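Reader: I am new to this structure. Could you take me through it step by step?
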Amino acid sequence: MNLQHDDDPYLPTFLPTPNNVTFLSGEEAVLQCAIENRGTRTIVWRRASEPNPLTIGEDTFVGDKRFYVRHRKHSLEWNLHIREATPQDSGVYECQVITRSRDIRQMVLLRIDDTPFIPPQKPDIQISGSQFVEKGNTLTLTCNATGFDYPPDELDWFKDGLKLTSDLRRTLRKDVSLADKTIVSKLQVARATMADAGTYVCRASDMQVTSAKVNVLNTDTVNEKRESKDQSTLWPFGSRGGVGGPLMFNAVVLLLCVALALCAS
């Protein structure tokens, strides 16, 4: 549920994220919250049934340190994490943007299944990273693949059917852990453009495949509208060529002429 009582395009806006999630008991629960146009406003997480906050910004405000917020610099996501979640953690949680006069919040329903969480022993592959990135910022995705007896030999990235390699904007870094039977590949794209949006595919050499969709937000359009609106207030004689503009201008010219005539006399 998304509660936002204003049509002002410059107010914070919640981007689409799951509002009904289920995790197993003992698993780390993640409640997503992504916000555009946050500015310097503070993000607060709380249980809807309790008045006191769980977190304010990136700080935890309860004694239970299982609760914490994960947020990367320049990211739009402020996700609430609950380590070793229990059925008692089930309920409705609220992600709120602190403003002076408006109620801007989003509800997330969390269910914890009391079936014990057993870490997967079979091969697995996952992508983590920002689902939303603003144009001009760095896009970061991490692919983590686990093998059965040993880590996969290689990880490859694809977008639009093409294999990705390092270039002036794109970097790929790889790390292998024999003890964990894991290989990790980190993809970073500097100065993201609209063309960088889309579905990124990570494929391991043992043919495990996963993908993630990334949205690049064009904030230039909003900034241009805001600058245009601000500049229109700088011309006091009518910024749109209306009737008020010429009349005010003529009146000022007339007053100047009178003043000059008085000075000359």
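Author: A disulfide is a pair of cysteine sulfur atoms within 2.5 Å. This is a predicted model, where local features need pLDDT of at least 70, side-chain atom pairs count only at pLDDT 80 or more, and totals for chains, interfaces and linings use all residues. Residues are numbered from 1 along each chain as its sequence is written, and side-chain values use heavy atoms, leaving out hydrogens and water.

Reader: How many disulfides does the count come to by this rule?
Author: The count is two. One joins Cys33 to Cys95, with 2.1 Å from S to S. It is left-handed, with -80° about the S-S bond.

Reader: Where are Cys33 and Cys95 in the chain?
Author: Cys33 is in the loop between strand S4 (29–31) and strand S5 (35–36), while Cys95 is in strand S11 (residues 91–97), 62 residues apart. Strands are DSSP runs of E with at least two residues, numbered from the N terminus.

Reader: And which cysteine forms a disulfide with Cys143?
Author: Cys202 does, the two sulfur atoms being 1.9 Å apart. Cys143 lies in strand S15 (residues 139–146) and Cys202 in strand S20 (residues 198–204), so this pair ties together parts 59 residues apart in sequence.

Reader: Are Cys143 and Cys202 buried or exposed?
Author: Both Cys143 and Cys202 are buried. Buried means under 20% relative accessible area, exposed over 50%, and partly exposed in between, with a 1.4 Å probe and protein chains only.

Reader: Changing topic, what about Arg173?
Author: Arg173 counts as exposed because its relative accessibility is 51%. Arg173 is found in strand S18 (residues 170–177).

Technical notes:
Helices (H or I, at least four residues) and strands (E, at least two) are DSSP runs, numbered from the N terminus.
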